[in-house]
Amino acid sequence: MEFLTQVRWSPYAVGIGIGILSWFSFLISRKPIACSTTFAKTSGMIEKLFRGKKVDLKPYYQKVKLVVDWQWMLVVGIVIGSLISALLSGDFHWQWVPSIWANAFGGDPLLRVIVALFGGICLGFGARWADGCTSGHGISGTLQLAVSSWISAGCFFIGGILTAHIIFKLIG
Amino acid sequence: MKHSEIRPRKDKSSLVWGLGFGIVFGFLLHKGGATKYDVIIGQLLLTDFTVVKIMLSAVFTGMIGIYTLKTLGLVELYPKYGSFGKNIIGGLIFGVGFAVLGYCPGTIAGAIGNGYLDALIGGLAGILIGTGLFAALYPRLSRAILNKGDFGDLTLPQLFKVNDWIVVIPVAVLIFLLLYWLERAGL
């Protein structure tokens, strides 16, 4: 069982594993693996704590109902699964600033968190605009050969590659 | 508690399956290194091709399996409705966020499990604000942009009006060749 304690596996082993996982999620749960709707639901649930039931009436939350569902549990599962793998392989550690960021912009946690917050806002907004993320469009949608997903996945990487080069080649 | 007791059993087992699929998915994402900012940014800077290798081998394996199951009549597909206004503009905004944050909605959950606090404190809060903002603007965006260039829930075989396998096989071959070329190039 040594493979369980290895920090990294071949990316091909991981990719084939995710592909096989998708067969079972179609067969058993009749759903493709996806993540970003869960963040929209959670955002609405938090808003509902403060503003009450009228939040349910927003047109977007009529479409995306504010309930804990299959995908919501899937995202919770990702946190747990990653934690298990990290603990088994001795790779779990608290970290504020990743090293590529620190090399370019220094080790200040506050700067990194503010930038991550801004990035998260774009990511969440864009994921809902495109109706999917790197999982829902990038893997599950492209493997179904959905036109919407091939276009979205292409734009994720075009936008991401250009922005990463601006951040690390022009600014940093 | 009472509320969950009167829920139909089917609903509850669906939640348990969701959790189970998530645990395996998160485990694999961590083993692949995809829960790490450095790996994702390395991909976007085109210096580390781990993320593309994981995604393409998942698509290769998933596509062949799902289309086999579909041909056997065991599963149906769930392609998302799309439009140019939705997928191009939304995709590019997502891409900007992907590079600035260095995680995506799935891998940020894995990053949190890995102990990364920029993901938990900054990124997660940002995603919740961003999705909330979208929900607030949805009625206006929906009228103005989201339906522009609507093409529905098409798949590529439907677009080209051919048998599924006429597309599946060439896409599988192309993915295989691309991965082979990446390895040969030492990337």
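Let me begin with B:I88, which sits in helix α5 of chain B; helices here are DSSP runs of H or I with at least four residues, strands are runs of E with at least two, and both are numbered from the N terminus. What you see is a predicted model, in which local features need pLDDT of at least 70 and side-chain atom pairs count only at pLDDT 80 or more, while totals for chains, interfaces and linings use all residues. Residues are numbered from 1 along each chain as its sequence is written, chains are lettered from A and ligands numbered from 1 in the order in which they are written, and side-chain values use heavy atoms, with hydrogens and water left out.

Two or more residues come from each of α8 of chain A and α5 (84-101) of chain B, and α5(B) gives the largest share, 4 residues.

Now to the two chains themselves. Chain A has 8 helices and 0 strands, and its C-alpha trace spans about 45 × 40 × 35 Å along its principal axes. Chain B, by contrast, has 9 helices and 2 strands, which follow the pattern α-α-α-α-β-α-α-α-β-α-α along the sequence, and its C-alpha trace spans about 50 × 40 × 40 Å along its principal axes.

How many residues does each chain bring to the contact? Chain A gives 119 residues and chain B gives 119 residues, where contact means heavy atoms within 4.5 Å. The two chains bury about 10500 Å² between them, 76% of it on carbon and sulfur atoms; buried area is the accessible area (1.4 Å probe) that two parts lose on being put together, summed over both. On the side of chain A, A:L123, A:W129 and A:L145 lose the most area to chain B, together 8% of what that side buries.

Finally, the salt bridges, each a side-chain nitrogen of Lys or Arg within 4 Å of a carboxyl oxygen of Asp or Glu. Over all chains the count comes to 9, and 2 are found across the interface of chain A and chain B. A:R112 pairs with B:D118, with the closest N and O atoms 2.7 Å apart. A:E47 and A:K58 also meet in a salt bridge, at 2.8 Å from N to O. Because A:E47 lies in helix α2 of chain A and A:K58 in the loop between α2 and α3 of chain A, this pair ties together parts that are 11 residues apart in sequence.
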